[in-house]
Amino acid sequence: KPLHVHIARRVEREVRKFQEPVMLDVGGGTGEPGLTIAQTLPAAEVVSGDIAPYSVPTGRMAAQKLNVQNAEFLVADAEDLQFDEDSFDAVSICLTLSLVEPESTLSEVFRVLKPKGSVVIAEYGPQVALCQLHAAVVTNPAPKPRLKSPSQTLIAA
């Protein structure tokens, strides 16, 4: 199965505790995994952001073609997210951390993540063969965590 399907399933498990979850897909590119997450979680509001302005219309057109009503696509800088603190119940980051400054991106992600919210990360690592993938789920405890010591649970992607 495609990676975005695995990410959507993991996000679904993480947001079950919320009745109408609001989630952010960082670096959503042309729509995935945000579209699959929105389809998997019809009660959720999914915001998919990417720094590349040309990708946003592609995501919007794909949502329209699939009749996905609960997904929004916008230009967003992962290192400077223009959202209020504690805005999202979950955040997904799929194959994006290697393209940005990871520390500032994760700092921003935790800033916009609600207490007890989850971050689902899937990323290729520098010492990992291309056919393997690192994936982790990090839960945001209250108060806000320090980046050097978040609790992590590895998952199979």
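Helices (H or I, at least four residues) and strands (E, at least two) are DSSP runs, numbered from the N terminus. This is a predicted model: local features need pLDDT of at least 70, side-chain atom pairs count only at pLDDT 80 or more, and totals for chains, interfaces and linings use all residues. Residues are numbered from 1 along each chain as its sequence is written, and side-chain values use heavy atoms, with hydrogens and water left out.

Start with α1. Its 13 residues should span 18 Å at 1.5 Å a residue, and the end C-alpha atoms are 19 Å apart, which agrees; the expected span is 1.5 Å times one less than the number of residues. Buried residues in α1 include Leu3, Ile7 and Val11, where buried means under 20% relative accessible area, exposed over 50%, and partly exposed in between (1.4 Å probe, protein chains only).

Between α1 (3-15) and β1 there is a loop, and Arg16 sits in it. Is Arg16 buried or exposed? Exposed: its relative accessible area is 63%. Its C-alpha lies 9.5 Å from that of Leu41, 25 residues away in sequence.

Next, β1. Five of its five residues are buried, so β1 is largely enclosed by the rest of the structure. Val22, Leu24 and Val26 point one way, Met23 and Asp25 the other.

Two strands pair if DSSP finds at least two bridges between them. β1 pairs in parallel with β2 over five bridges and with β4 over four. Asp25 faces Ser48 in β2 and has Ser92 as its bridge partner in β4. β1, helix α2 (residues 34-40) and β2 form a right-handed β-α-β unit; right-handed means that, with the strands pointing away from the viewer, the path from the first strand over the helix to the second runs clockwise.

β4 (residues 88-94) also runs parallel to β5, joined by six bridges. Helix α4 (residues 102-112) carries the chain from β4 to β5, again as a right-handed crossover.

Last, the second largest pocket, at about 230 Å³. On a 1 Å grid over the protein atoms alone, a pocket is an open set of points where a 1.4 Å probe fits, with protein on both sides within 12 Å along at least five of seven lines; lining residues have an atom within 4 Å of a point. Grid points are joined across faces, edges and corners, and the volume is the space filled by probe spheres set on them. Of 17 lining residues, the closest to the centre are Gly27, Asp50, Ile51, Thr96 and Val100. β1 gives the most, with three residues.
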